[in-house]
Amino acid sequence: MKGDRVEIVIDIGTGVQTFEIDASKSGRRVEVTTSRGVVEVAEVTRTGKTVRSGRFMSDRVVALVEHPAEQPPSRRRPGREPRGQPALL
């Protein structure tokens, strides 16, 4: 979802370095995959095509923080029901 963001903090020996990968356009998402000592963070389209990615050795990853996009407020007015439909609550 547009606005999703993953922050990766890597140990570089003399300190840490931070990388960020985010879903920059509508319809894209960020996927995190871990396998065989490698962490891969990729921005993916709706069809599954990788737009950009980053690969990191899992031994060097200090932190991996996922920041989900904030949900927009609902457009429906509270207290108003559609005609002919009783409330479900």
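## Strand pairing and core

Strand β1 (residues 5–11) pairs with β2 in the antiparallel sense, over seven bridges. Here strands are DSSP runs of E with at least two residues, and helices are DSSP runs of H or I with at least four residues, both numbered from the N terminus. Two strands pair if DSSP finds at least two bridges between them.

The model is predicted, and local features need pLDDT of at least 70, side-chain atom pairs count only at pLDDT 80 or more, and totals for chains, interfaces and linings use all residues. Residues are numbered from 1 along each chain as its sequence is written, and side-chain values use heavy atoms, with hydrogens and water left out.

The chain has six strands and zero helices. Read along the sequence, the pattern is β-β-β-β-β-β.

β1 also pairs with β6, antiparallel, through six bridges. Strands of a sheet pair through backbone hydrogen bonds, either parallel or antiparallel.

Elsewhere in the chain, β4 is joined to strand β5 (residues 50–57) by seven bridges, and the two run antiparallel. Individual bridge partners are listed below.

| Residue | Bridge partner | Strand of the partner |
|---|---|---|
| I8 | F19 | β2 |
| E7 | V65 | β6 |
| V39 | F56 | β5 |

Two hairpins have a glycine with positive phi. The hairpin of β1 and β2 has four residues between the strands, and G13 takes a phi near 95°. The hairpin of β4 and β5 has five residues between its strands, and G48 in the turn has a phi of about 100°. A residue other than glycine, R36, also has a positive phi, near 50°. R36 is placed in the loop between β3 (29–35) and β4 (38–44). R36 counts as exposed because its relative accessibility is 85%; exposed means over 50% relative accessible area, buried means under 20%, and partly exposed lies in between (1.4 Å probe, protein chains only).

The largest nonpolar core has nine residues: V6, I8, I10, I21, A23, V30, V39, V41 and F56. Such a core is a set of buried Ala, Val, Leu, Ile, Met, Phe, Trp, Tyr and Cys residues joined through side-chain atoms within 4.5 Å. β1 and β4 are the elements that give two or more residues to this core, and β1 gives the most, with three. Leaving aside neighbours within four places in sequence, V30 is in contact (heavy atoms within 4.5 Å) with D4, V6, I21, D22, A23, V41 and A42.

Of the 89 residues in the chain, 20% are buried. The chain exposes about 7,200 Å², of which carbon and sulfur atoms supply 48%; accessible areas come from the Shrake-Rupley method with a 1.4 Å probe, and for residues only the protein chains shown count as cover.
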